[in-house]
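The following exercises concern a single protein chain. Please examine the sequence and the model before reading each solution.

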Amino acid sequence: MHRNKPLITPETKVGELLTHYPELEELLLQFSPAFATLKNPVLRRTVAQVTSLRQAAKVGNANIVEMVNTLRQAAGQSISDENSLIESENARVALAGKAPTTITFTLDVRPVLEKGEHPKELVMKEANRLQAGECMELLTPFPPVPLIELLEKKGFAITMVEPGDGVVRTFICR
């Protein structure tokens, strides 16, 4: 293992990986077309800093065990059998879900991301304002897996429809 470089794990943040192992960027991009957003400097400065490899694998529909072990091997780290740890987490957001029939309001965070800011606080503030039975539509350029996981932990019901026209529609319901 390289000195002063962290061990690559499913919880390694994508931004941390690319900072410590810039030579692995092209290899990472090969795991999913969804990872092409890492080429966007704004998303790289914002989303990549808070998204773990585990979350990125969910977004890109990639096998996390294969991804981590391939990155480790390329970085000169030992490959580990983390199948039980990694694959036991089957919490997948339902893609191809149906949009709720009633939407209270729509929050488009694409302009926030384009400015290089992270929309977490704004999304959480707006979600917390929802009353029982209300739903908010969230518009993003990619599946917002870290936010979805946080919202689900707080008891919100989440549905995401298949991305179309570069827009991912996620529905957050109380």
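**Exercise 1.** What covers the buried residues of helix 9?

*Solution.* The structure is a predicted model, in which local features need pLDDT of at least 70, side-chain atom pairs count only at pLDDT 80 or more, and totals for chains, interfaces and linings use all residues. Residues are numbered from 1 along each chain as its sequence is written, and side-chain values use heavy atoms, with hydrogens and water left out.

Step 1. Locate the element: helices (H or I, at least four residues) and strands (E, at least two) are DSSP runs, numbered from the N terminus. Helix 9 comprises residues 120–128.

Step 2. Identify its buried residues, where buried means under 20% relative accessible area, exposed over 50%, and partly exposed in between (1.4 Å probe, protein chains only). They are Val-123, Met-124, Glu-126 and Ala-127.

Step 3. Examine their directions, the arc being that of the directions from the helix axis to the C-beta atoms. The buried residues of helix 9 fall within an arc of 165°, so they line one face of the helix.

Step 4. Name the cover, with contact meaning heavy atoms within 4.5 Å. The cover includes strand 1 (105–108), strand 2, helix 10 and strand 4.

**Exercise 2.** Describe how helix 5 packs against helix 10.

*Solution.* Step 1. Two packed helices are described by the angle between their axes and the distance between the axes. Axes are lines fitted to C-alpha atoms, for helices over the stretch in contact, and angles run from 0 to 180 degrees between N-to-C directions.

Step 2. For helix 5 (residues 53–60) and helix 10 (residues 145–153), the angle is about 105° and the axes are 9 Å apart. Helix 5 is therefore roughly perpendicular to helix 10 (under 35 degrees counts as roughly parallel, over 145 as roughly antiparallel, 65 to 115 as roughly perpendicular and the rest as oblique).

Step 3. Helix 5 contributes Gln-55, Lys-58 and Val-59 to the contact, and helix 10 contributes Val-145, Pro-146 and Glu-149.

Step 4. These residues divide into three nonpolar, one polar and two charged (Ala, Val, Leu, Ile, Met, Phe, Trp, Tyr, Cys and Pro count as nonpolar, Asp, Glu, Lys and Arg as charged, and the others, Gly among them, as polar).

**Exercise 3.** Which cysteines form a disulfide, and how far apart are their sulfur atoms?

*Solution.* Step 1. A disulfide is here a pair of cysteine sulfur atoms within 2.5 Å. The structure holds one: Cys-135 and Cys-173, with sulfur atoms 2.0 Å apart.

Step 2. Cys-135 lies in strand 2 (residues 135–140) and Cys-173 in strand 4 (residues 168–173), so the pair ties together parts that are 38 residues apart in sequence.

Step 3. The torsion about the S-S bond of Cys-135 and Cys-173 is about 115°, so the disulfide is right-handed.

Step 4. Cys-135 is buried, at 7% relative accessibility, and Cys-173 is likewise buried, at 12%.

**Exercise 4.** Where does Ala-99 lie, and which residues does Ala-99 touch, not counting residues up to four places away in sequence?

*Solution.* Step 1. Ala-99 belongs to the loop between helix 7 (83–87) and strand 1, and is partly exposed at 35% relative accessibility.

Step 2. With that sequence limit applied, Ala-99 touches Val-161, Arg-169 and Phe-171.

Step 3. Ala-99 and Phe-171 are 72 residues apart along the chain, yet their C-alpha atoms are separated by 6.9 Å.
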